[in-house]
Amino acid sequence: MTPFPDTSVQIDSHTLQGATGVLTVDLDALATNWKALESRAVPAECSAVVKADAYGCGIVPVTRKLASIGCKTFFVATLDEAKLAREAAPKAAIYVLDGFFANCGDDFAKIDCRPVIGDLNELAEWDAFRRTRGWTGLAALHVDTGMNRLGLTVDEARGLTPRIRQADHGIALVMSHLACAEDMTNAMNGRQLAAFRSVASEFSGVTASLTNSSGIFLGSHFHMDMVRPGAALYGVNPTPEADNPMQPVVGLKVRIAQIRNVPKGETVGYGALWHAKRPTRLAIVSTGYADGYFRAASGIEGTRSAQAVVAGQRCPIVGRISMDLMAIDITDLPHGTVRRGHFITLIGDGVTVDELGHHFGTIGYEVLTSLGRRYARDYRGNVIPDSKTTPERAASENTISEKSPT
């Protein structure tokens, strides 16, 4: 049985007073995941996708950690994300997936990041900026092979192959994106591979990249020159039909705001959709859907709700999850086991982001990226910025904590 108070929470009381809970990010587990994916992809380069604040884990500490263990290429969605990634990895190649917009060229040049271009007009604007500014920065070409989202058509991409014979063509990467990689038997994977190969073969000397996290597990013929893992780095299962090969990275603990007794027959929460079938003891915790814990996981009669781990035991959520609060049935715990102010676990101790995704009616990706700003962040195994002095480095070497994500 887990001792209380929970000594695994390493956040000062002042910070905790202003937070709804503690989101722990294990950067050593993140590094282990990246190395495992890199090993599987060899000889292809293993990059890292750190968009959406590194899937909610903090773009600066995550990028810094991965750069310190050898990751040389990062993918973000926006220019603002690129600026943060550049701060963390001064020498890395940084690609901006949302592409290039007119009048943004100076921002790209200032931090030397690379737009991922998926439209001929966009390419013309980027070329015009390079020509008028005399900038020699690089870009990627995104080719649509079946996702029908962003990207040049296969024919448009082939039409650009004469460009590669120019001395300063400026294209460092040609890439596409798999639509069904998590389904290893889906015929779409093979069709996209064949279409992309037909393009990549004509871009001689340009790095080619097709695979995301799940695509890495489709086999070496999908790896090409570079793989681009995202969710798997953060512990999401890239092989949903099999055991998760990745280590968990994120943990979430929240505090009990009140212990209350509910008589048999009484209801709990909005809508009165859960009735106590026995005298019931509840732990009310100060977390709800405003913190990224979806209302879909509510404990409504006739459904199987999500569970929390309280004093080492799984306990069900009962009643509607509200904006800032939810109720957990702790009747089966011995009296006195927990009290107000103690922590319970919403992610960790066997409860995975993929399990929560099932209860939320979504996927682990959305679970991670929805985790709210009201949690204190507790980074384990962080890399200390070189700008810190030796005493500062010694003081913060083991754990760095923050009120909000970087």
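Residues 24 or more positions apart account for 66% of the contacts in the protein with a separation of 6 or more. The model is predicted, and its 406 residues include 54% that count as buried. Its secondary structure comprises 12 helices and 18 strands. The accessible surface comes to about 18,100 Å², with 50% of this area belonging to carbon and sulfur atoms.

**The annotated lysine**

- The UniProt record, an unreviewed entry, places the feature "modified residue: N6-(pyridoxal phosphate)lysine" at Lys-51.
- Lys-51 lies in helix H3, which covers residues 51–55.
- The relative accessible area of Lys-51 is 31%, a value between the limits of 20% for buried and 50% for exposed, so the residue is classed as partly exposed.
- Beyond residues up to four places away in sequence, Lys-51 touches Phe-75, Val-76, Ala-77, Glu-81 and Leu-97.
- Of these partners, Phe-75 and Val-76 fall within the range of strand E4 (73–76), while Glu-81 falls within that of helix H5 (79–88).

- Gly-56 is located in the loop between H3 and H4.
- With a relative accessibility of 8%, Gly-56 counts as buried.
- Gly-56 is in contact with Leu-23, Leu-368 and Arg-377, when neighbours within four places in sequence are left aside.
- Gly-56 and Gly-372 are separated by 316 residues in sequence, yet their C-alpha atoms are 8.5 Å apart in space.
- Helix H4 spans residues 59–68 and is largely enclosed by the rest of the structure, because 8 of its 10 residues are buried.
- The buried residues of H4 are Ile-59, Val-60, Pro-61, Val-62, Thr-63, Arg-64, Lys-65 and Leu-66.
- Just after H4, Gly-70 adopts a positive phi of about 115°.

**Cysteines**

- The structure holds 0 disulfides.
- Cys-71 is in no disulfide, and the nearest cysteine sulfur, that of Cys-46, is 6.5 Å away; a disulfide requires the two sulfur atoms to lie within 2.5 Å.
- Cys-71 counts as buried, with a relative accessibility of 5%.

**Cavities and the annotated binding-site residues**

- The structure holds 2 cavities of 30 Å³ or more.
- The second largest cavity has a volume of about 30 Å³.
- The lining of the second largest cavity is formed by His-142, Val-143, Asp-144, Thr-145, Met-147, Arg-149, Leu-150, Ser-176 and His-177.
- Under "binding site", the unreviewed UniProt entry lists Arg-149 and Met-323; of these residues, the lining of the second largest cavity includes Arg-149.
- Arg-149 is found in the loop between strand E7 (139–142) and helix H8 (154–159).
- Although it lines the cavity, Arg-149 is exposed, with a relative accessible area of 59%.
- Leaving aside neighbours within four places in sequence, Arg-149 is in contact with Asp-144 and His-177, and both of these residues also line the second largest cavity.
- Met-323 occupies the loop between strand E14 (313–318) and strand E15 (326–329).
- Met-323 counts as partly exposed, at 43% relative accessibility.
- The contacts of Met-323, apart from neighbours within four places in sequence, are with Gly-288, Tyr-289, Ala-290, Asp-291 and Arg-374.

**His-359 in helix H10**

- His-359 is placed in helix H10, which covers residues 353–360.
- The relative accessible area of His-359 is 10%, so this residue is buried.

Notes. Residues numbered from 1 in each chain as written. Predicted model: local features only at pLDDT ≥ 70, side-chain atom pairs only at ≥ 80, totals over all residues. Heavy atoms only, no water. Helix = DSSP H or I, 4+ residues; strand = E, 2+ residues; numbered from the N terminus. Buried < 20%, exposed > 50% of the residue type's maximum accessible area, 1.4 Å probe, protein only. Contact = heavy atoms within 4.5 Å. Areas by Shrake-Rupley, 256 points an atom, 1.4 Å probe, with all protein chains shown as cover. UniProt positions renumbered as here; feature names shortened; annotations may be inferred. 1 Å grid on protein atoms, 1.4 Å probe; cavity = no way out; pocket = protein on both sides within 12 Å on 5 of 7 lines; lining within 4 Å. Points joined across faces, edges and corners; volume = space filled by probe spheres on them.
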